[in-house]
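The following note sets out comments on the structure shown below.

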Amino acid sequence: MPKMVIKKAGYCDAGVIDNIERMCFEDCYSIKQIRSDLLNTSQYFIYLAYLDNLCIGYISYSVVASEAELLRIAVVPEYRAKGFGTKILQETYREILNVADKVFLEVSNRNVGARTMYKSFGFEEISVRNGYYKDGSDAIIMRKVKE
């Protein structure tokens with residue numbers, strides 16, 4: 001696997017994040033929302049993943065009090081199923097645990113690969129939001145408590 005570099009995103013990276021959003025998600029964030037999150041550096045954290053000079057994905061999470069919510073892990077389609085999503089989470093997970101005692105996330109019940117990855121990090125499924133996504137799939141709520 002080529003060496004991946006993780007860098008904290010800045011306001012100037014909004015366009016890159018927007019492009020990845022459009023490639024990866026049907027319910028993508030607006031550029032306005034992305035810029036707002038990038039400016040709110042006390043609550044929102046976004047890291048970009050690069051192979052050489054090509055941004056292939058990103059991770060974002062928010063922190064309130066001692067709880068974090070993993071908002072997105074996005075890998076552009078041509079780099080999926082190659083371990084990059086796992087590597088992105090692996091590289092940033094230490095940062096998340098520095099500021100949070102619990103981490104929550106939601107994932108589509110149809111996204112078996114992501115659910116498997118999260119379980120490998122110790123996340124447990126704690127609840128379901130039936131029919132949550134536009135495609136009718138359920139949202140699986142997962143949690144990891146700091147050990």
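**Comments on the pocket, cavity, core and aromatic pairs**

1. By class, the residues that line the largest pocket comprise 17 nonpolar, seven polar and ten charged residues. The structure is a predicted model, and the volume of this pocket is computed as about 1000 Å³. Its lining is made up of 34 residues, and those nearest the centre of the pocket are Cys24, Phe25, Ile73, Val107 and Asn111.

2. Which elements give two or more residues to the lining of the largest pocket? They are strand 4 (67–75), helix 3 (84–99), strand 5 (102–108) and helix 4 (112–120). Strand 4 contributes the most to this lining, with seven residues.

3. The structure also holds one cavity of 30 Å³ or more. The largest cavity has a volume of about 30 Å³, and the residues lining it are Ile17, Tyr29, Ile34, Asp37, Ile46, Tyr58 and Ser60. Five of these lining residues are classed as nonpolar, one as polar and one as charged. Helix 2 (31–39) and strand 3 (54–64) each provide at least two residues of the cavity lining.

4. The largest nonpolar core consists of 44 residues. Ile17, Leu70, Leu89, Val103, Tyr118 and Phe123 are the residues with the most contacts inside this core. Strand 2 (residues 44–51) gives the most to the core, supplying seven residues. As a general remark, nonpolar side chains tend to be buried together in soluble globular proteins.

5. The surroundings of valine 103 may be read in more detail. With neighbours within four places in sequence left aside, valine 103 is in contact with Ala68, Leu70, Tyr93, Ile96, Leu97, Phe123, Met142, Arg143 and Lys144.

6. Seven aromatic pairs are found in a search of the whole structure. One of them joins tyrosine 93 and phenylalanine 123 in an edge-to-face arrangement, 6.2 Å centre to centre and with 65 degrees between the planes. Tyrosine 93 belongs to helix 3, whereas phenylalanine 123 is in the loop between helix 4 and strand 6 (124–129), so this pair ties together parts that lie 30 residues apart in sequence. Tyrosine 93 and phenylalanine 123 are both buried. Together, Tyr93, Tyr118, Phe121 and Phe123 form one aromatic cluster.

7. Tyrosine 132 and tyrosine 133 make a further pair. Their ring centres are 5.1 Å apart and their planes stand at 85 degrees, so this pair too is edge-to-face. Is tyrosine 132 buried, exposed or partly exposed? Because its relative accessibility is 42%, tyrosine 132 counts as partly exposed.

8. Finally, serine 108 lies in strand 5. Why is serine 108 counted as buried? Its relative accessible area is 15%, and the cut-off for buried is under 20%. Not counting residues up to four places away in sequence, serine 108 touches Arg115, Tyr133, Ser137 and Asp138. Serine 108 and leucine 71 are separated by 37 residues in sequence, and their C-alpha atoms are 13 Å apart in space.

Conventions
Residues are numbered from 1 along each chain as its sequence is written. This is a predicted model: local features need pLDDT of at least 70, side-chain atom pairs count only at pLDDT 80 or more; totals for chains, interfaces and linings use all residues. Side-chain values use heavy atoms; hydrogens and water are left out. A nonpolar core is a set of buried Ala, Val, Leu, Ile, Met, Phe, Trp, Tyr and Cys residues joined through side-chain atoms within 4.5 Å. Buried means under 20% relative accessible area, exposed over 50%, partly exposed in between (1.4 Å probe, protein chains only). Helices (H or I, at least four residues) and strands (E, at least two) are DSSP runs, numbered from the N terminus. Contact means heavy atoms within 4.5 Å. On a 1 Å grid over the protein atoms alone, a cavity is a set of points where a 1.4 Å probe fits but cannot get out, and a pocket is an open set with protein on both sides within 12 Å along at least five of seven lines; lining residues have an atom within 4 Å of a point. Grid points are joined across faces, edges and corners, and a volume is the space filled by probe spheres set on the points. Ala, Val, Leu, Ile, Met, Phe, Trp, Tyr, Cys and Pro count as nonpolar, Asp, Glu, Lys and Arg as charged, and the others, Gly among them, as polar. Rings of Phe, Tyr and Trp (its six-membered ring) pair if their centres lie within 6.5 Å; planes under 30 degrees apart count as stacked, over 60 as edge-to-face and the rest as tilted.
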